[in-house]
Amino acid sequence: MKKIVILGVGTAGTMVANHLNKVMDRNQWDITVVDQDPVHYYQAGYIFVPFGLANEKRLVKPKIKYIPDSVKMIQSSIELIDAPNNKVHLANKSVLDYDYLIISTGADIHPEETPGLAEHEWGKSIHSFYTFQSSVDLRQAIKDFQGGRIVVNVVENPIKCPVAPMEFLMLADAYFTKKGLRDRVELIYATPLSGAFTKPIAAKRIGDMLDRKNIIVEPDFYIERADPDAKKIVSYDEREIGYDLLVSIPLNKGADVIGKSGLGDELNFSPVNEHTFLSDKFDNIFVLGDASNAPTSKAGSVAHYAVDLFSENFKHYTEGKALEETFDGHTNCFIESGYGKGVLLDFNYEQEPLPGRFPIPGIGPFSLLQESFINHWGKLSFEWMYWNILMRGLKLPLAPTMSMAGKWPE
Amino acid sequence: MSIREIAGKTVDVNEEGFLTDSSQWTKEIAVELAKEEGIDPLTEGHWKVIDFARLTAGNGGASPTLRAITSGSGVSTKELFSLFPKGPAKKVAKIAGLGKPEGCV
């Protein structure tokens with residue numbers, strides 16, 4: 001038997017395990033998955049938790065439930081990937097051999113990389129919502145908040161779901177308005193980018209969205225440290241922003257084992273061909289999902305189309321055929337904008353988000369790059385599709401590569 | 001998209017004056033673009049950063065992140081901010097003829 005080992009079964013890894021279980025001849029191929037955490041999290045749901053809009057119990061399921069019976073699952077952390085010798089060393093001292101390795105170990109937040117964040121005020125006046133627990137903890141802080149300044153700060157890009165910080169602020173605007181407290185709450189977005197919207201057409205179309213909601217943007221803010229006692233964040237060019245509640249999106253990094261195994265860049269993201277996900281270093285290693293350095297958003301919505309195209313391509317590759325450079329960076333994602341509305345984006349590596357209708361050109365039902373109620377319902381119904389379609393390895397009836405049909409170029 | 005002449009060379013630029021084809025870049029263009037950003041002259045420290053950014057730019061001409069620059073070039077973040085004041089990520093990208101650091105929207 002030839003062996004495929006998949007490291008990490010979150011969004012990307014679970015989809016890969018299911019797809020490969022279907023396309024590979026299982027009489028010839030043995031598939032093993034490894035993950036240290038038995039719990040599968042629906043990360044796209046975290047954004048709703050701080051505002052009491054999601055029941056956190058629905059966001060967690062056992063990972064094993066989404067791994068096919070014929071795939072072996074090992075629960076262990078990974079010590080080292082010995083790529084030159086095609087071996088993976090696990091913390092439980094066992095060693096796995098592989099013919100092909102698929103790395104989908106994801107990305108995680110590292111507040112300890114910024115002085116002042118992960119100290120005595122973490123979980124008190126400094127919060128995040130990029131992990132399950134932090135989103136639950138933040139709910140209490142939001143509930144108790146009686147007025148003052150809330151600062152949302154992105155430490156550095158790339159981050160998982162780059163629109164989530166803006167969604168958080170827009171949902172906060174709606175939440176405090178409903179509570180009758182909005183006139184006592186100041187909302188600030190401190191971003192290292194040159195603005196909240198950096199793509200010209202999106203900036204023109206929806207660039208005033210934050211402004212209209214009285215959310216103040218502090219651009220080019222590159223945080224050096226937080227001062228947890230004085231309750232302020234300080235940038236490298238010595239700008240200071242005081243806060244009553246800091247919602248931090250800490251530095252995102254790939255798994256430590258990627259760096260330790262010599263497979264990562266300075267943030268432990270693993271360099272790959274952005275169209276095939278083949279590792280730059282080893283011709284029998286692929287890196288999917290947030291773990292790679294592909295120049296796109298770190299989000300399940302990217303992993304979804306990438307994995308749709310990957311499995312057949314991978315199969316052909318194992319048969320000695322050349323990899324086809326099929327993935328174009330296609331992504332679509334919803335931005336929650338509050339008051340039961342949302343915006344839908346559809347884009348790829350080359351094409352910035354454009355206005356239009358999706359998925360049926362001219363009809364929709366979703367509107368691209370503009371707010372609508374149905375976009376919001378799309379985001380809510382996606383939770384069901386995630387667990388019942390995507391994580392089962394089934395395909396949505398949507399083209400995995402981007403189409404210009406239905407888009408209105410400027 | 002438009003065309004402009006910098007340092008005797010015709011290049012393609014976007015609305016914000018970033019080169020859209022990084023292969024059209026020359027050192028002379030960097031000197032002129034730096035002047036427009038208020039940086040004159042380009043010192044050895046500036047070139048260390050610019051050369052590093054050019055060397056590590058992605059296939060699509062994407063500029064490296066500040067962390068990639070500081071960990072790879074040996075220039076500290078503080079130094080980077082004094083060399084390229086107010087938004088070094090954007091200024092390095094512009095002077096090095098690379099794409100502006102962007103979000104997805």
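Student: How many helices and strands does chain A have?
Tutor: Chain A has eight helices and 25 strands. Both are DSSP runs numbered from the N terminus: helices are H or I with at least four residues, strands are E with at least two. This is a predicted model, where local features need pLDDT of at least 70 and side-chain atom pairs count only at pLDDT 80 or more, while totals for chains, interfaces and linings use all residues. Residues are numbered from 1 along each chain as its sequence is written, and chains are lettered from A and ligands numbered from 1 in the order in which they are written.
Student: Ok, and what does the C-alpha trace of chain A span along its principal axes?
Tutor: About 65 × 50 × 40 Å.
Student: How much of chain A is buried?
Tutor: Of its 410 residues, 49% count as buried, meaning 20 or more other C-beta atoms, placed from the backbone, lie within 10 Å of the residue's own.
Student: New topic: at what angle do α1 and α7 of chain A pack?
Tutor: Helix α1 (residues 11-23) and helix α7 (residues 300-318) of chain A pack at about 25°, with axes 9 Å apart. Axes are lines fitted to C-alpha atoms over the stretch in contact, and angles run from 0 to 180 degrees between N-to-C directions.
Student: So how are α1(A) and α7(A) oriented to each other?
Tutor: They're roughly parallel, therefore; that label covers angles under 35 degrees.
Student: Which residues meet there?
Tutor: Among them are A:M15, A:V16 and A:L20 in α1(A), and A:A303, A:V307 and A:F310 in α7(A). Contact means C-beta atoms, placed from the backbone, within 7 Å.

Notes: Parallel < 35°, antiparallel > 145°, perpendicular 65-115°, else oblique. Contact = placed C-beta atoms within 7 Å. Buried ≥ 20, exposed ≤ 12 C-beta atoms within 10 Å, placed from the backbone.
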